[in-house]
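Please look over the sequence and the model first.

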Amino acid sequence: MGELWIVLAISCGLAFLSEKYTFAWNDRPSKVLNYGIVVLLIAYLSFFAGLRTGYNDTYTYMSGYKAMAAFPDILADFSWKLGDNPGFTLLNSMMKAAGFSAQTFVLTYSILFVAAAVSFLKKYSSSFTLSIFLFVCAYGYLFSMAAIKQCASIAIGLIATPYLLKKKWISYVLIIFFAATFHPYILLFLLMPFLRFKPWTRKTWILLFTAVGAGLFLPQIIGTVVDAAALLGDGYDATKFIGEGVNIFRVLVASVSVLLTLVFRRLVIGNDTQDNIFINCCFLYASIMFVGLFGTANYFGRLANYFVLFPAIVLPMILKKLPIRDRHFLSIAMVVCYLIYFYYGNAISENFSQEFSRMTIWDYLGL
């Protein structure tokens, strides 16, 4: 996983430059130069992921793209059912009609997700460097190489977030419904307007106890889960939701922000609506992961990952509100623990080096 260590180092270095230094032009601060570093970061992460030729479901996606009909021929046998991802299919057919290769197809979606995710972290994080570190180590970047449809819908959902925070409900809902044409699970984002309540109040405990109950009694309620999936446009049967569960370490990592807000709730929890929504999204992320312990990792893990970026916002926010002594200790502990998890997930639990392959940018450009 040597390449991943390089990616982590370069991305954190670029984020640090963007965060700590304001570049000047003719002795005057220049936002263009400063944000140019962010564009460079987006380009670097996008091309590393987008030029992959093999990893997880990449081959399946590329094969499907090569086999599909181009626009307008695709319309001859087109399904508008939400579960058939009509927006995703239609856009892909247009890309094919425009002459995009399968590699450009993968690269396009990598740029979409990385640009949306990095911009989201830059806008809302109190420590851009730490957020990028968490993004690469645990919260989203590698997931984007495995689930193109899901990450496309997440990217569009992130673009809708400012409308949520400004209470522009119609715009927010319309964008989320558009995102659902890429993958319907993004409709979970419609819960976010109801997550404005203060964390660790009665509503929080109801959410957590519901998650625990759903996990412990999943076999008894699996029919309801299947019906809910059907409403979102997916025709699964009960057997697909019961299988090898989510890795316990993934559940523990998903729970870090939840546990820290509990321990430091008097210092962290306030009346800021934005913070409350983001914290409650972390609760949803951890809750769905917990249910995944008793179900199928592929479905519940990916469902939880619709909220995967929020811990990368909340954890830096928690550290910022702590006393300096606690902040320094937890920052060091957090970096060490996430590096261990990064190594475990990509060298022990799975072998990234064996699964991952990519072309160089020179090969892509035909030089």
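The structure is a predicted model. Its chain holds 19 helices and four strands. Of its 367 residues, 50% count as buried.

**Whole chain**

- Contacts between residues at least 6 apart in sequence can be sorted by their separation, and 76% of them join residues at least 24 apart.
- Helix 6, which spans residues 128–137, is mostly covered, with ten of its ten residues buried.
- The buried residues of helix 6 include Phe128, Leu130, Ile132, Phe133, Leu134, Phe135 and Val136. Thr129, Ser131 and Cys137 are also among them.

**Helix 5 and helix 7**

- Helix 5 covers residues 102–124 and helix 7 covers residues 148–165; their axes come within 9 Å and cross at roughly 30°.
- Because angles under 35 degrees count as roughly parallel, helix 5 and helix 7 are roughly parallel to each other.
- The crossing in which helix 5 passes helix 7 is left-handed.
- On the helix 5 side, the residues that meet helix 7 are Phe105, Val106, Tyr109, Leu112, Phe113, Ala116, Ala117, Phe120, Lys123 and Tyr124.
- On the helix 7 side, they are Ile148, Cys151, Ala152, Ile154, Ala155, Leu158, Thr161, Pro162 and Leu165.
- By class, the residues in this contact of helix 5 with helix 7 are 17 nonpolar, one polar and one charged.

**Helix 14 and helix 16**

- The angle between helix 14 and helix 16 is about 125°, and their axes are 9 Å apart.
- That angle makes helix 14 oblique to helix 16.
- Helix 14 passes helix 16 in a left-handed crossing.
- Helix 14 contributes Asp275, Phe278, Ile279, Cys281, Cys282 and Tyr285 to the contact, and helix 16 contributes Phe310, Pro311, Ile313, Val314 and Met317.
- The contact of helix 14 with helix 16 has ten nonpolar residues, no polar residues and one charged residue.

- With a relative accessible area of 17%, Asp275 is buried, because the cut-off for buried is under 20%.
- Apart from neighbours within four places in sequence, Asp275 is in contact with Met317 and Lys321.
- Asn280 also lies in helix 14. Its relative accessibility is 0%, so Asn280 counts as buried.
- Apart from neighbours within four places in sequence, Asn280 is in contact with Leu195, Phe197, Pro199 and Thr204.

- At 2% relative accessibility, Tyr306 counts as buried.
- Not counting residues up to four places away in sequence, Tyr306 touches Gln150, Ser153, Ile154, His183, Tyr185, Ile186 and Phe189.
- The side chain of Tyr306 makes a polar contact with the side chain of His183 at 2.8 Å and another with the side chain of Ser153 at 3.4 Å.
- Tyr306 and Leu188 are 118 residues apart in sequence, while their C-alpha atoms are 8.0 Å apart in space.

Technical notes: Residues numbered from 1 in each chain as written. Predicted model: local features only at pLDDT ≥ 70, side-chain atom pairs only at ≥ 80, totals over all residues. Heavy atoms only, no water. Buried < 20%, exposed > 50% of the residue type's maximum accessible area, 1.4 Å probe, protein only. Contact = heavy atoms within 4.5 Å. Polar contact = N/O pair within 3.5 Å; in protein donor to acceptor, adjacent residues only side chain to side chain. Helix = DSSP H or I, 4+ residues; strand = E, 2+ residues; numbered from the N terminus. Axes fitted to C-alpha atoms, helices over the stretch in contact; angles between N-to-C directions. Parallel < 35°, antiparallel > 145°, perpendicular 65-115°, else oblique. Left-handed = near helix turned anticlockwise from the far one by under 90°. Nonpolar A, V, L, I, M, F, W, Y, C, P; charged D, E, K, R; others polar.
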